[in-house]
Amino acid sequence: MAKATKVAPKKDAANELQEFFEDGLKDIYWAEKALVKSLPKMQKNATSTHLKAAIGDHLEETKTHVTRVEQVFESIGKKAVAQKCDAMDGLIKEGDGILKETQPGPVRDAAIIAASQKIEHYEIATYGTLATYAKLLGHKPALSLLLQTLKEEKGCDNLLTKLAKSEINLKAV
Ligand code: FE
Ligand code: FE
């Protein structure tokens, strides 16, 4: 078994929840902007018209998410800064890989839904955590902005589940 090691923090490592909250905002800001660039490719490679429409609708929502993160920064008196989110970078790369590994049609559509739901779940986890921190830190306007986006991520995830169950997975079998 690999030996576990204790990790020495970087010099500028967060020591307060406020700093950790801001780091999380920087990550999700990068992630939302990366999604605005990657969603059109997913949409173009989908076959089902319902799936194409769902991705298109969520692309518009995602553009709003970028703006909303900027508003969250503004509400706490900070400049909006993006910091590469390794997790989202990996999830987007996985989505790209899935396109190469599937033929166009129901199987690729099922794979696009699978990749998209991993992305939505990551966003749901992130916004849920950020909302909890905003509440603890007393950032009321930030909290309501984060909850609005959280609701839309959940809505997208539910719609994808419905599409998968109602048509796409069945056609893929
Ligand atoms: Fe989003
Ligand atoms: Fe999303």
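Colleague: How many salt bridges does a search of the whole structure find?
Modeller: The search finds 7 salt bridges. This is a predicted model, where local features need pLDDT of at least 70 and side-chain atom pairs count only at pLDDT 80 or more. Side-chain values use heavy atoms, with hydrogens and water left out.

Colleague: What makes Lys93 and Asp89 a salt bridge?
Modeller: Their side chains meet at 2.8 Å, N to O. The term requires a side-chain nitrogen of Lys or Arg within 4 Å of a carboxyl oxygen of Asp or Glu, so the pair qualifies. Lys84, Asp89 and Lys93 are linked in a network of such bridges.

Colleague: Why is Asp89 called buried?
Modeller: Asp89 has 16% relative accessibility. Buried means under 20% relative accessible area, exposed over 50%, and partly exposed in between (1.4 Å probe, protein chains only). Asp89 therefore counts as buried, while Lys93, at 53%, counts as exposed.

Colleague: Which helices hold Glu94 and Lys118?
Modeller: These two form a salt bridge with closest N and O atoms 2.7 Å apart. Glu94 is in helix H3 and Lys118 in helix H4, 24 residues apart. Helices are DSSP runs (H or I, at least four residues), numbered from the N terminus.

Note on methods
Residues numbered from 1 in each chain as written. Chains lettered and ligands numbered in written order. Helix = DSSP H or I, 4+ residues; strand = E, 2+ residues; numbered from the N terminus.
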